[in-house]
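Please consult the sequence and the model while reading.

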Amino acid sequence: YPLDRRSALRDQVVEADLESTLIETLTAQMLADLDQKDFSAVRAKIDELDKVCLRLGKTPQVAEVEAQIAMVFLRLGENHLALNYLNQSLLKFWRDAHAEALICWIIGCLQWRDPLSASEAIINWRRSWELFASHPARQSITYSRNGVLWYKVRAEEMWRNLQFAIVNGH
C-alpha cells in the first residue's frame with residue numbers, strides 16, 4: 001500500500017512537471033508568434049493553453065497563463081477578450097495580493113477606456129490601491145527595507161492617480 005501511494009504521488013509530480021513544461025513552451029511560442037505577427041498561430045497557441053488550463057483547474061499557474069493571454073489580446077487590440085481573461089485570472093489569484101492588485105489595476109485601465117464603465121474602473125483601482133496599501137510587506141520585518149518602501153511609494157502613486165481620475169473624470 002505505501003509503495004502504491006508513493007508511485008501515485010511520483011506520477012502526479014511527473015505529470016505536473018510535464019504540464020508546466022508544456023505551458024512554458026506554448027507561452028514562449030505564442031509570444032514568438034505574436035512578435036512574428038503570425039496571428040493564426042497565436043490563436044492556435046491560445047487554444048492549446050486554454051485546454052491545458054482547463055485540465056489544471058483553478059491554480060495560480062493557470063491565473064498567470066490567463067494573465068499572459070490577456071496581455072497578448074491587449075497587444076492585438078482585442079480589449080474585450082483581454083478583459084475576459086483578466087477577470088478569469090483574478091478569480092484564481094486569491095492568495096497573492098500583489099498579483100491581484102496588478103490585475104485589478106489593469107482591469108480598471110481597460111474599463112476606463114469605456115465611459116460607461118468608468119465607475120467600475122474606479123472600484124477596481126481602489127481595490128488595487130487597498131491591496132498595495134495593506135500589503136504584508138508594508139508591515140513585515142521579513143521584507144527588506146526597499147521592499148517596504150516600494151509598496152509605500154506604489155500605493156502613494158496609485159492613490160494620486162485614483163484621486164485624479166475621480167476628480168477629473170473622463
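## Ile-103 and the nonpolar cores

In this predicted model, Ile-103 is in contact with Ala-67, Leu-86, Ser-89, Leu-90 and Phe-93, leaving aside neighbours within four places in sequence. Ile-103 is also one of the residues that touch the most other members of the largest nonpolar core; the others are Met-30, Ile-46, Leu-49 and Ile-69. This core holds 27 residues. At least two of its residues come from each of α1 (2-35), α2 (39-56), α3 (60-75), α4 and α5 (97-112). Helix α3 provides the largest share, eight residues.

Another core, of 14 residues, lies apart from this one, and its members include Ala-101, Trp-112, Ala-121 and Leu-162.

## Aromatic pairs

Four aromatic pairs are found in a search of the whole structure. In one of them, the ring centres of Trp-105 and Trp-125 are 5.4 Å apart and the planes meet at 35°, so the pair is classed as tilted. Trp-105 belongs to helix α5 and Trp-125 to helix α6 (residues 118-133), so the pair ties together parts that are 20 residues apart in sequence. Trp-125 counts as buried because its relative accessibility is 7%, the cut-off for buried being under 20%. Trp-105 and Trp-125 form one aromatic cluster together with Trp-112.

The rings of Trp-129 and Trp-159 also form a tilted pair, with centres 4.4 Å apart and planes at 45°. Here Trp-129 in helix α6 is linked to Trp-159 in helix α8, 30 residues away in the chain. Trp-159 is partly exposed, with a relative accessible area of 31%.

## Lys-92 in helix α4

Helix α4 spans residues 79-92 and contains Lys-92. With a relative accessible area of 10%, Lys-92 is buried. Its side chain reaches the backbone oxygen of Gln-88 at 3.3 Å. Beyond residues up to four places away in sequence, Lys-92 touches Gly-57, Lys-58, Thr-59, Pro-60, Val-62, Ala-63 and Glu-66.

## Cysteines

Zero disulfides are found in a search of the whole structure. Cys-53 is buried at a relative accessible area of 6%, and Cys-104 is buried at 2%.

## Val-148 in helix α8

Helix α8 covers residues 145-168, and Val-148 is found in this helix. Val-148 counts as partly exposed, at 23% relative accessibility. The C-alpha atoms of Val-148 and His-135 are 9.0 Å apart in space, and the two residues are 13 apart in sequence.

Terms used. Residues numbered from 1 in each chain as written. Predicted model: local features only at pLDDT ≥ 70, side-chain atom pairs only at ≥ 80, totals over all residues. Heavy atoms only, no water. Helix = DSSP H or I, 4+ residues; strand = E, 2+ residues; numbered from the N terminus. Buried < 20%, exposed > 50% of the residue type's maximum accessible area, 1.4 Å probe, protein only. Polar contact = N/O pair within 3.5 Å; in protein donor to acceptor, adjacent residues only side chain to side chain. Contact = heavy atoms within 4.5 Å. Disulfide = S-S within 2.5 Å. Core = buried A, V, L, I, M, F, W, Y, C linked by side-chain atoms within 4.5 Å. Phe/Tyr/Trp six-rings, centres within 6.5 Å; stacked < 30°, edge-to-face > 60°.
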